[in-house]
Amino acid sequence: MTVRNNQERLPEILREMGDDAVIAALCQQADADLSSCLSRLTDGGASHCEKMHAFHEIKGLALTLQQDRLAALCAQGEALCRDGTLPRHSDTLLADVTEACADLRAALAAWSGAGCQT
Amino acid sequence: MTLPPVPRPDARLLLVEDTPSLQMLYRAVLRKAGFAPICAASGTEALELFALHEPQIVLLDRMLPDCDGFHVMTEMLRRDPGARIIVISADAAIANAVEATRRGAHDYLVKPLGDTRLVSAVAGAMAQAARERQTLACLPAPLLASSDGVFQGTSPAILRLRAQVEAMAASGANVVIHGDSGTGRHACAERLHATSSRADKRLVTVDCTRAGESELMHALFGTQSPDGPPGGAFETARGSSLALHEPQDMPHGVQLALLKRLRQDELAHQAVGRNGPTNVRIISITRLDPRSDVRATGLDPDLFYRLAVLAIEMPGLDQRREDIATLVDNCIATLARQEGKRFARIAPDAVADLSARDWPGHLRQLGNLLRQAVVMHDGEVLQAAMLPATATDAHAPSAAPGTADDTIDALAGVTLAEAERRLIEAAIARHDGSVPQAARELDIAPSTIYRKRMVWGGADSQGG
């Protein structure tokens with residue numbers, strides 16, 4: 001996985017911030033949120049409702065940060081939670097979500113650490 | 001493109017987003033645009049902050065950890081129907097947007113939110129709220145005919161009215177409030193309802209003069225027939241009071257339908273010994289005296305006697321002349337505030353003037369006249385000279401009663417041009433030399449006065 005750390009890859013809403021310190025703080029918070037959501041998704045004791053909410057939170061972040069694959073996976077997760085069929089698909093789906101989250105977290109680290117300089 | 005920051009010190013904005021990074025992001029975008037949002041991370045916290053800060057605009061995430069955002073929105077709109085709720089959702093389904101709008105959302109934003117979209121949605125809602133506040137401020141408040149206004153005073157007539165309302169509020173029987181328009185009949189109905197055991201539900205009002213048979217049937221019963229599924233004002237007023245304005249103007253078919261519904265309730269009451277299924281107290285507001293010949297009222301007699309179980313006669317202002325001082329004293333500051341003027345009190349000679357006049361339009365006419373005086377003048381004390389001759393004579397020179405004819409007599413033998421000059425100069429003098437204010441009072445352009453003064457000045461110099 002390669003993260004191209006440049007202006008073009010920085011999501012529009014972050015690019016418009018224009019302030020590196022604010023962008024860094026946002027990226028760090030987004031990373032913490034992703035981590036928290038992933039913990040809930042992999043927690044065997046979490047209810048369907050809690051898992052659906054975790055998928056929803058990641059989907060919101062993914063949409064905002066223009067991560068289409070992650071958003072689509074989370075939408076699928078939400079639908080499975082709603083149907084009650086998540087357990088049958090959870091392994092594959094969680095593996096995909098975790099991988100896509102890892103990509104996003106790497107991107108966040110890059111945006112956060114290097115600001116938005118090319 | 002980002003909108004330029006605009007300082008909005010009075011803009012109250014509540015942001016409800018449970019994902020910390022998104023809350024941080026939206027807050028940063030909004031701050032950059034000049035807003036200072038208050039932030040909540042759950043439905044419970046949002047409702048607490050809503051009660052505390054009374055925000056004009058709410059940016060509300062649809063899915064919250066403790067409840068559905070729609071539930072929060074419904075509760076907020078129940079508390080403040082004027083609040084503008086902008087729902088944010090990661091769900092782009094049209095059905096959800098439609099549902100949000102149906103429940104009263106001002107706007108529905110789908111993630112990802114660009115900063116321009118977010119800021120323009122908030123700015124648009126804010127601008128609309130400001131426009132509505134302005135419009136509301138321009139609306140003439142009923143003041144004297146309001147629930148508080150009507151009952152002020154210590155005249156025997158008003159003391160009797162208060163006692164009647166108090167006694168009848170304790171009853172559940174239907175009431176007829178009759179009297180002239182402008183006496184505060186609706187305010188009386190509001191007080192009757194507000195002091196009754198039904199006060200926890202809102203008073204439902206139907207104007208029977210403004211609709212055709214099918215519209216009125218629909219307004220009352222929600223369908224074209226009282227046998228149809230429940231709906232309309234009758235259903236909304238379940239367990240509450242229903243104010244019917246001028247029920248004698250209802251088409252005969254609607255009268256029969258209403259009679260049928262009332263009979264059904266009576267039968268149910270007799271059968272089970274408690275209030276009928278609808279349990280609506282009807283307060284009829286009418287210009288007709290229920291003591292008059294029933295056939296002359298235009299109401300079906302069966303219906304008439306079911307509506308007019310109890311009766312309240314609204315006193316005219318001529319029956320409570322001694323209350324005028326209290327009434328005008330209590331409303332002058334409010335009127336001035338509404339019109340952006342400084343008046344804090346009314347001079348005794350002005351009160352005496354008002355108390356001596358006839359008021360065929362009762363409280364409404366008195367309120368209109370006071371508003372006219374406040375709109376046309378300014379100062380700390382409203383003087384008798386500022387009172388117009390009548391409430392509707394917007395451009396008449398101010399004069400105390402009885403002096404209008406004297407003023408006209410004084411102009412006998414004077415040319416029209418000279419009369420005009422005297423009128424204009426008197427107006428300028430009343431406004432301490434302010435031509436624009438005089439022009440406003442006379443409803444002419446200031447340039448007209450300046451032009452005429454130049455002509456008069458020329459005439460004076462030629463003559464002198």
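In the predicted model, 20 residues of chain A are in contact with 22 residues of chain B. The size of an interface is often given as the accessible area lost when the parts come together. For chain A and chain B this buried area is about 1,900 Å², and 67% of it comes from carbon and sulfur atoms. Three elements of chain A each give two or more residues to the side that touches chain B, namely helix H1 (12-15), helix H2 (20-42) and helix H3 (48-64). Of these, H3(A) gives the most, with nine residues. By class, the side of chain A that touches chain B is made up of 10 nonpolar, five polar and five charged residues. A search of the whole structure, over all chains, finds 20 salt bridges.

Chain B contains an open sheet of five strands with parallel pairing, arranged in the order E2-E1-E3-E4-E5. Strand E2 (38-40) and strand E5 (107-110) of chain B each have a single partner strand, so one side of each is left without a neighbour in the sheet. Direction ignored, neighbouring strands of this sheet are turned against each other by 20 degrees on average. Strand E4 (residues 84-89) of chain B pairs with E5(B) in the parallel sense over four bridges, and Ile86(B) has Asp107(B) in E5(B) as its bridge partner. Helix H1 (residues 20-32) of chain B packs on this sheet, where it touches strand E1 (13-16), E2, strand E3 (57-61) and E4 of chain B. The direction of this helix makes about 155 degrees with that of E1(B).

Asp107(B), the bridge partner of Ile86(B), also takes part in a salt bridge through its side chain, with Arg117(B) at 3.6 Å, N to O. This pair links distant parts of the chain, with Asp107(B) in strand E5 and Arg117(B) in helix H5 (residues 115-138) of chain B, 10 residues apart. The loop between E5 and H5 of chain B holds Pro112(B), which is joined to Lys111(B) by a cis peptide bond with omega of about 5 degrees. A further backbone feature is found at Glu54(B), which is not a glycine but has a positive phi of about 45 degrees. Glu54(B) lies in the loop between helix H2 (43-53) and E3 of chain B. Most residues other than glycine have a negative phi, and most peptide bonds are trans.

Another open sheet of five strands in chain B, with parallel pairing, has the order E7-E8-E9-E6-E10. Its edge strands are strand E7 (204-207) and strand E10 (310-313) of chain B, each of which pairs on one side only. Neighbouring strands are turned by 20 degrees against each other on average, direction ignored. E7(B) and strand E8 (residues 241-245) of chain B are paired in the parallel sense over four bridges; Thr205(B) has Ala243(B) as its bridge partner in E8(B). Helix H7 (residues 156-169) of chain B packs on this sheet and touches strand E6 (175-178), strand E9 (281-286) and E10 of chain B. The direction of H7(B) makes about 155 degrees with that of E10(B).

Technical notes:
Residues are numbered from 1 along each chain as its sequence is written. Chains are lettered from A and ligands numbered from 1 in the order in which they are written. This is a predicted model: local features need pLDDT of at least 70, side-chain atom pairs count only at pLDDT 80 or more; totals for chains, interfaces and linings use all residues. Side-chain values use heavy atoms; hydrogens and water are left out. Contact means heavy atoms within 4.5 Å. Buried area is the accessible area (1.4 Å probe) that two parts lose on being put together, summed over both. Ala, Val, Leu, Ile, Met, Phe, Trp, Tyr, Cys and Pro count as nonpolar, Asp, Glu, Lys and Arg as charged, and the others, Gly among them, as polar. Two strands pair if DSSP finds at least two bridges between them. Axes are lines fitted to C-alpha atoms, for helices over the stretch in contact, and angles run from 0 to 180 degrees between N-to-C directions. A salt bridge is a side-chain nitrogen of Lys or Arg within 4 Å of a carboxyl oxygen of Asp or Glu.
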